Each structure stands twice: as structure tokens, then as C-alpha cells.
Amino acid sequence: MDVAYKNFFDGRGFPKFKNRSNFTSFTYVIGVKVQGNKIYLPKLGWMRFFNSRPIPDGFKIKAATIRKRQDGWYVSLRIEDRAVPDYIVKPFTEVNNIIGCDLGITKLVHLSDGYQIENPKFATNKKTKVTLKIRQRRVNRKAKGSKNRKKAATNVGKFHKKIADKRDCYQWYVANKIVSRNVDAIAIEDLNVSAMKRRCKPKVDEESGRFLKNGQSRKKGLNRSIFDASWGELVLKIDYLAAKHGKVVLKVSPKYTSQKCQNCGHVDASNRDGEKFICTQCGHFDHADINAAKNIRDRAYSIVRVDCPELKRPKQCKELSARPRGNRVEPGNPSNRDIKSVMS
Ligand SMILES: [Zn+2]
């Protein structure tokens, strides 16, 4: 409450009550049992569910999260078996070959060996956009607060879920493709995706005080494409699978990777001509994004070769721990960090 009001006086809007729809999930950490296609949830009892994958022998259920999505309720079980050893990640000294990945929009990933992975643009292709528009219009035409409006809104929600599911599935496929290459390490750009999606600063005409064009309407389309490509999610999946395969993920700074010449190292913005890369100094010719992927690979090589793993790590390189442990937060529920910041 205190924080909310403080934010309000700092100009962040009057505090709102939480809506019932803010809470879409809850977690059990004790007392969950599974038998065939039945699950026991404390206080709720036995209920039927679709058991999509059996729990392997020796694993214990540590937690169960019940989540409401657009088309029903989902349960995810966290299981543990202490007898299974942790994944061991290769030390830098054992890294001999690296593959560089350049993330893009026209193609989702360009690899330094010349391989390209398509970007299906699940949310930003024409067909999806039209369908979404039609379904959204059906909602807007219904009377506010009516049952039919709610039904139409659920329909939109289901469509969004379908897009998200498709993207998720495709990303696992892509991540698997990259990780299963015959290399020891994978080099990815360390992108600050949220900064890239930021809105353009408003431009104000000093005399009349009116807003001038700042390019935001043009950037909106790009932002949507960035959102649709969701590189951050893809990188998380690559991290996870690489750890599983015992491979190293190297995050390198993406600065000038698309402008630097592979051949002579000349950095110039005019090196790039759309998808083509032509060096203004030595005339080196390549596909622009594959040139970038090679630069990313070379940058990762310089991290591995120069740096001894026992000595201090370079700043731009974050090595992954064997088991990625993120603070996963359910939407609508306060995270530990939020609670801490309130209490302090
Ligand atoms: Zn050159």
C-alpha cells in the first residue's frame, strides 16, 4: 500500500485493486499423489487429468502447480531424484569448436556455418493478423458485460494461446537443432531485448508544444516482430538444452557484429547493404547476417582462448551453471523479490 501510494505521488497512477483474473495459478508443495490418470490435490481430492507423460521410476513429486489457461486447467509437476547426477559443463580449456548464432527477424537464426533457420512469424503474419482482427471485432460488437461478449473474448484468448503454443513448440525444435550440432560451445549475442522494444522518446515542438513525429509508429511494427520472434525465450531454451548436453553457452556483446568485416576487421556502418555485406576497405563479400554470426563466433573464441577458467572471467561472458535455476514467477502472484522489496 505504502509503495503503491508513493509511486502514485511520483506520478505512476492511482493504485488499483487486484482483479480476480490476476490470479491464475497456485502451487502445492506437499501431499500431491498421482495414480494413472488420476491426481490427488489436497483439499480438492482425487480428480481426473490427462497424464501426458509418466513420472520415471525413483522420482519424487516436489511440487505441483495448477494453472488456468484459456482452454482449461493445467498441472505441471516438479520432480526430483537425488540419485541422478548433475549435468557437468565443459571447462573453457576443453572448448575446441564454437558455433556462432546471430538472431534476426527475416530469418530467426543465422549460424556461422552458413545454416539459416526460418522465422515462421506466428503472430505477425498476414493470415494471423486478419483472423485476430475479425475475432477481436466480434468481441467489440457485443454488449459490454454480456455473456456473449465473454464467450467471444475467450475465443480471442484461445487464439492467442494457440499462437504462443506454436511458437513454444517451434523454439524447442530450433534450440534442439542448434545444440545438437557437433560443437563444444554455442555463442549467442547478449541482447537486451526489453531495451530494443522500448518506445521512441516523444519529440516536442518547442514553440507550439505539439508532439512531432518521432518514428514510433514505424517502430511499433518492428517491436511487434521482435516480440513475435521472442529471442529471449529462445535463448533460455538453448541455455537449458546446452546444459543438458554438457555444452557451454557463451554470451558475447553484440556491438558492431553486423558492421565488422570478417576478412580485415574494418568496422563501418556502410559495409552493410541490406542483406549483403560488402567491405568498403577490402571488398570482402558475404551474407550480412552470416558475417555477423561469424563475428560472434570469433568473439567467443577470443573469450575462451585468452581466458583461463581459473582466472577472472571477462565481463561480457556469463557462463551457465549446470542447472539453470531461475526465479520462475506465476503471473499475478508476487515474486519473492517483490515481497522482499516491500518488506525492506
Ligand atoms: Zn574487409
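Student: In this predicted model, which residues does I186 touch, not counting residues up to four places away in sequence?

Tutor: With those sequence neighbours left out, I186 touches I99, C101, I178, V179, I238, A242, K247, V248, V249 and L250. These count as contacts because heavy atoms lie within 4.5 Å.

Student: What makes the set that includes I186 a nonpolar core?

Tutor: A nonpolar core is a set of buried residues of kinds such as Val and Ile, joined through side-chain atoms within 4.5 Å. The largest such core here has 29 residues, and V109, I178, I186 and I238 touch the most other members. At least two residues each come from β7, β8, α3, β10, α5 and α6, and α3 gives the most, with seven residues. Another core, of 13 residues, lies apart from it and includes F92, A185, A187 and V252.

Student: Why is helix α1 called hardly covered?

Tutor: A residue is called buried if its relative accessible area is under 20%, and among the eleven residues of α1, residues 2-12, the count of buried residues is zero, so the helix is described as hardly covered. After α1 comes G13, whose phi is positive, near 95 degrees.

Student: How do you know that β3 and β4 pair?

Tutor: Two strands pair if at least two bridges are found between them; β3 (residues 38-41) and β4 (residues 45-48) have four bridges, in the antiparallel sense, and therefore they meet that condition. Across this pairing, I39 stands opposite M47 in β4.

Student: Which residue in the hairpin of β3 and β4 takes a positive phi?

Tutor: The hairpin has three residues between its strands, and K43 takes a positive phi near 75 degrees.

Note on methods
Residues are numbered from 1 along each chain as its sequence is written. This is a predicted model: local features need pLDDT of at least 70, side-chain atom pairs count only at pLDDT 80 or more; totals for chains, interfaces and linings use all residues. Side-chain values use heavy atoms; hydrogens and water are left out. Buried means under 20% relative accessible area, exposed over 50%, partly exposed in between (1.4 Å probe, protein chains only).
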